[in-house]
There are 2 protein chains.
Amino acid sequence: MAGSFEGNVSNTPLAIGIVGPGLIGKTLLDQFVNQVATLKKEFEIDLRVMGIMNSKKMYLDHTGLELSKWEELLHTHAVASDMSKFTAHFESQDFPNPVIIDCTASAQVSQMYYEWINKGIHVVTPNKKANSGAFDQYKRIRELQRKSRIHYFYEATVGAGLPIISTLRSLVETGDKIVKVEGVFSGTLSYIFNNFNGEKSFSQIVSEAKASGYTEPDPRDDLSGMDVARKVVILARECGLQLELDDVKVQSLVPEPLQGLTSSDEFLNELPNFDEEMELRRKGAEVSGEVLRYVGVVDVKTNEGRVELQSFPKSNALAQLSGSDNLVSFTTSRYLRQPLIVRGPGAGPEVTAAGVFSDLLRVAFYLGAPS
Amino acid sequence: MAGSFEGNVSNTPLAIGIVGPGLIGKTLLDQFVNQVATLKKEFEIDLRVMGIMNSKKMYLDHTGLELSKWEELLHTHAVASDMSKFTAHFESQDFPNPVIIDCTASAQVSQMYYEWINKGIHVVTPNKKANSGAFDQYKRIRELQRKSRIHYFYEATVGAGLPIISTLRSLVETGDKIVKVEGVFSGTLSYIFNNFNGEKSFSQIVSEAKASGYTEPDPRDDLSGMDVARKVVILARECGLQLELDDVKVQSLVPEPLQGLTSSDEFLNELPNFDEEMELRRKGAEVSGEVLRYVGVVDVKTNEGRVELQSFPKSNALAQLSGSDNLVSFTTSRYLRQPLIVRGPGAGPEVTAAGVFSDLLRVAFYLGAPS
């Protein structure tokens with residue numbers, strides 16, 4: 001086994017485990033296939049996938065599996081999933097630089113991060129659960145990883161591949177004082193309000209968004225604002241706020257009477273009854289030359305997180321959004337009159353996997369790969 | 001000397017040299033003063049300035065100078081500038097992780113990078129000269145630093161503190177294919193065209209920009225487009241293009257007959273004669289519902305760099321710019337229909353120094369500081 005990584009001694013090997021090869025994990029593996037030779041040649045990064053696990057089965061490899069065959073291997077050579085065995089496989093001293101990538105959205109898998117990091121395994125994930133869960137648990141993970149110099153990166157939890165968390169960190173680390181982080185953190189809600197311009201009713205746009213596959217199967221999962229609230233918690237904690245998810249003031253877009261309905265079809269049937277209310281809000285903004293946007297806000301001065309429908313003058317970058325773009329605006333001591341803005345598609349398997357991939361390479365660079 | 005860095009063995013020490021403590025260098029030193037304790041406590045980064053040099057004198061220190069006293073030390077304890085001695089000071093085996101920060105705009109200082117890197121000294125700079133100079137020289141530096149695992153970072157050469165080069169790198173490294181990088185790379189030219197809306201003549205806006213201190217002492221240095229062209233070259237090379245500055249097609253905004261005038265006052269007196277021409281272009285754009293923007297473009301498909309006055313529909317993010325913001329738009333395989341956009345103030349000592357500081361911390365993280 002010790003010979004597995006022999007060859008160029010200056011290589012930076014990465015022994016990778018992937019938990020949850022669903023849409024994002026599969027796309028990430030495809031991106032690996034296309035880039036692994038370049039990484040080896042240009043950056044001396046020796047990227048090897050040593051294990052893949054889904055909820056039912058897992059395939060473990062000792063030298064790095066043939067990437068293009070991972071589905072076949074998982075289909076024909078797998079054993080029953082066993083998290084302890086999976087972890088033990090990466091804990092082995094024979095693997096330099098083990099990294100587990102959690103591509104699930106599972107709170108249960110995120111419970112493993114502490115143990116992984118404690119065992120010297122780096123963690124990369126687009127899963128929001130650990131960082132938007134209990135503050136104590138988040139703090140415990142961060143303190144351990146910092147103390148033990150094990151890396152834990154999660155850029156793709158906010159805005160997928162957009163450089164949001166890394167930008168925020170770099171501001172904080174160089175001593176800038178964050179005043180406010182504000183933005184549209186949901187492609188679905190971006191699309192809905194970018195199209196809510198008086199031509200169609202609110203419910204009509206929501207139905208069309210669902211029909212086009214832009215929303216969750218139940219659009220209430222988007223309209224509740226809880227996904228945005230999780231992102232607000234993640235960003236707030238990067239700013240140094242000790243915020244719990246429950247502390248975030250969330251203005252849900254699901255009318256109270258429709259929250260209890262069992263099916264999403266029922267919900268969409270009833271939603272038109274609330275169009276008038278929403279149209280009044282839109283017109284109220286319009287008479288002031290403004291438009292509505294559903295934003296997440298981290299307000300460092302008041303020490304709070306909010307998710308709310310706000311109106312913005314047309315000169316504001318948030319008002320100029322189009323499509324289903326995300327946009328994050330950082331107001332800081334150094335970017336006070338004009339904020340620093342990052343904008344672009346913030347969802348979808350390609351860009352989310354790219355955000356994860358970028359974190360993985362950050363681990364490699366932090367472990368000594370040439371820049 | 002070996003005892004200088006004793007104490008916590010897991011510290012990441014940085015032995016820093018600063019060449020050119022002008023406006024940016026001075027601001028950077030101020031930022032160090034405010035952040036050095038936090039870096040030590042939270043990131044185990046032991047940041048010590050071991051030398052400061054300007055064109056006349058230098059002050060060398062063996063344990064790290066008292067940051068708040070650097071001006072006094074350079075005033076009273078300095079010796080005559082000597083680049084060889086300055087370099088030799090950092091080459092010493094006693095200093096772990098030497099980093100020289102070139103805060104000048106000097107081509108002569110940039111000639112030192114190869115030697116510094118060759119001697120194991122990391123280089124961080126906002127100076128555009130090395131990367132927009134002869135391609136062969138740039139390539140030699142990049143190949144050496146990669147081969148020898150010495151870091152060379154220059155985020156602040158484009159857009160000051162905005163995450164532009166790091167974002168582009170991360171796209172390229174994860175295997176995205178860059179189609180086009182396009183943007184407004186000059187705060188001055190952003191300001192001028194954001195205000196050129198029919199209310200005032202072009203020459204009037206240029207004069208006002210100069211009076212407000214937004215332009216170079218001679219506004220032709222901005223209007224020639226050469227500074228933008230240098231940034232285009234830097235970005236083009238990050239995209240893998242082998243471009244020389246001479247290859248960039250630059251549409252100068254200085255009318256041909258005014259290029260030879262000796263003084264900038266003469267230039268500003270003559271410029272109104274060309275207002276009609278510029279106003280025609282503006283109106284031409286306006287009838288199509290568009291606005292003029294002076295953009296730099298890296299077109300990877302056609303393998304070329306351009307700096308030109310273009311018109312953009314009002315829905316385009318470039319048309320929505322305000323103030324003196326920079327904006328960079330990355331169109332790639334993964335960000336094809338909607339680009340990834342970074343926007344914000346791209347000039348000024350505070351944000352430029354912050355861009356340099358962020359690169360310096362990147363060196364520390366790449367050398368093992370905890371994340």
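This is a predicted model: local features need pLDDT of at least 70, side-chain atom pairs count only at pLDDT 80 or more; totals for chains, interfaces and linings use all residues.
User: Which residues of chain B lose the most area to chain A?

Analyst: On the side of chain B, three residues together make up 18% of what that side buries. The contact as a whole takes 52 residues from chain B and 52 residues from chain A. The three that lose the most area are B:Arg149, B:Glu173 and B:Ser371.

User: With which residue does A:Glu44 form a salt bridge?

Analyst: Between chain B and chain A the count is 4 salt bridges, where a salt bridge needs a side-chain nitrogen of Lys or Arg within 4 Å of a carboxyl oxygen of Asp or Glu. For A:Glu44 the closest N and O atoms are 2.6 Å apart, and the partner is B:Arg149.

User: Which element of chain B gives the largest share of the side that touches chain A?

Analyst: Across the interface, 25 residue pairs are in polar contact. Several elements of chain B each supply at least two residues of the side that touches chain A, among them helix H1 (23-43), helix H8 (165-173) and helix H15 (349-366). The largest share, 8 residues, comes from H15(B).

User: In E13(B), what is the bridge partner of A:Ile341?

Analyst: Strands of a sheet pair through backbone hydrogen bonds, either parallel or antiparallel. Here strand E13 (residues 340-345) of chain A pairs with E13(B) in the antiparallel sense over 3 bridges. In one of these pairings, the partner of A:Ile341 in E13(B) is B:Arg343.

User: Why is one side of strand E4 (79-80) and of strand E7 (152-153) in chain A left without a neighbour in the sheet?

Analyst: Within chain A, an open sheet of 7 strands runs in the order E4-E3-E2-E1-E5-E6-E7, with mixed pairing. Strand E4 and strand E7 therefore have one side without a neighbour in the sheet, because they stand at its edges, each with a single partner strand. For E4(A), strand E3 (residues 57-60) pairs with it in the antiparallel sense over 2 bridges, and the bridge partner of A:Met58 is A:Val79. The reason asked for is the place of both strands at the edges.

Note on methods. Residues are numbered from 1 along each chain as its sequence is written. Chains are lettered from A and ligands numbered from 1 in the order in which they are written. Side-chain values use heavy atoms; hydrogens and water are left out. Contact means heavy atoms within 4.5 Å. Buried area is the accessible area (1.4 Å probe) that two parts lose on being put together, summed over both. A polar contact is a pair of N or O atoms within 3.5 Å; within protein, one must be able to donate a hydrogen and the other to accept it, and residues adjacent in sequence count only if both atoms are side-chain atoms. Helices (H or I, at least four residues) and strands (E, at least two) are DSSP runs, numbered from the N terminus. Two strands pair if DSSP finds at least two bridges between them.
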